[in-house]
Amino acid sequence: MKLILGSGSPRRKELLAQLGIVPDAILPPDIDEDPRKGELPRPYAARLAREKAAAVAAGEDDVVLCADTTVALGRRILGKPRDAGEAADFLTALGGRRHQVITAVAVRRGARVWARESVSAVKMKRLSDAELNAYLAGGEWQGKAGGYAIQGAAGAFIPWISGSFTGIVGLPLAETAALLQAAGWPVWRQE
Ligand SMILES: Cc1cn([C@H]2C[C@H](O)[C@@H](COP(=O)(O)OP(=O)(O)OP(=O)(O)O)O2)c(=O)[nH]c1=O
């Protein structure tokens, strides 16, 4: 039995390492991440996590772990910005309001799938032009849902959250540990 992390996200590898887990392989999935027409953020994240888990090639007895993080502003899905201009639009829309961060996790072993979602609320302050421009120039928005990373400089823009910090960063560890255990992966084995 191998553990395959189906993710190219360095955050997910690091969060897994917090549990002392080092995957046997890292195989980033390649799927279409376009939302369907009218699709709501939570079902969208849940669908993507499952599709990622299905797309990773693995042996019958291997455990595949995948996740998807989506930022939701009401019914609107904010994915990874295409460029700095889109990141600026996202951050301007998020500033001064509360939004949700959904991370869906899917664990697959053979044909069986265990899945859960973690939903957190995040308040971002309204950004001044100087804050926005400096943040964009720093490049941390790249590859991050909603165009920010709470674990970096954008932590200074976030006075309040309710939910799971690890979920916002990309892999909710409470849910992940429970799903891995359910799939038969010994999370708490003693060395
Ligand atoms: C909101 C937020 C997102 N993120 C990141 C986590 C994810 O890597 C990314 C959302 O994109 P995802 O599509 O969930 O993941 P990914 O494309 O990085 O990797 P893969 O599909 O191969 O697993 O945003 C942060 O690092 N910090 C944050 O505060």
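Q: Where is Leu78 found?
A: Leu78 is in strand β4, residues 76-78. Helices (H or I, at least four residues) and strands (E, at least two) are DSSP runs, numbered from the N terminus.

Q: Before we go on, what kind of model is this?
A: This is a predicted model: local features need pLDDT of at least 70, side-chain atom pairs count only at pLDDT 80 or more, and totals for chains, interfaces and linings use all residues. Residues are numbered from 1 along each chain as its sequence is written, and side-chain values use heavy atoms, with hydrogens and water left out.

Q: OK, is Leu78 buried or exposed?
A: Buried, because the relative accessible area of Leu78 is 0%. Buried means under 20% relative accessible area, exposed over 50%, and partly exposed in between (1.4 Å probe, protein chains only).

Q: What does Leu78 touch?
A: Not counting residues up to four places away in sequence, Leu78 touches Val71, Leu73, Phe90, Leu94, Ala145 and Gly146. Contact means heavy atoms within 4.5 Å.

Q: Switching to the ligand: which residues are the closest?
A: Ser7, Gly8, Arg12, Lys52 and Lys80 are the closest of the 20 residues that surround the ligand. A residue counts here if one of its heavy atoms lies within 4 Å of the molecule.

Q: Which polar atoms do the ligand oxygens sit by?
A: An oxygen atom of the ligand is 2.9 Å from an N or O atom in the Arg11 side chain. With backbone polar atoms, there's an oxygen at 2.8 Å from Thr69 and one at 3.1 Å from Ala145.

Q: How much of the ligand does the protein bury?
A: 94% of the 610 Å² that the ligand exposes when taken alone. The areas come from the Shrake-Rupley method with a 1.4 Å probe; for residues, only the protein chains shown count as cover.

Q: Which residue does UniProt list for "active site"?
A: Asp68, from an unreviewed entry. UniProt positions are in the numbering used here, feature names are shortened, and annotations may be inferred rather than shown by experiment.

Q: Where's Asp68, and is it buried or exposed?
A: Asp68 is in strand β3, residues 63-73. It's buried, since its relative accessible area is 3%.

Q: What does the Asp68 side chain pair with?
A: The Lys52 side chain, through a polar contact of 3.0 Å. A polar contact is a pair of N or O atoms within 3.5 Å; within protein, one must be able to donate a hydrogen and the other to accept it, and residues adjacent in sequence count only if both atoms are side-chain atoms.

Q: On to helix α4: which residues are buried there?
A: Leu132, Tyr135 and Leu136 are buried in α4, residues 129-138. They're on the same side of α4, because they cover an arc of only 100 degrees around the axis. That arc is taken from the directions from the helix axis to the C-beta atoms.

Q: What do they pack against?
A: The buried residues of α4 pack against α3 (84-94). On the other side of α4, Ala130, Ala134, Ala137 and Gly138 are exposed.

Q: What happens just after α4?
A: Gly139 takes a positive phi of about 80 degrees there.
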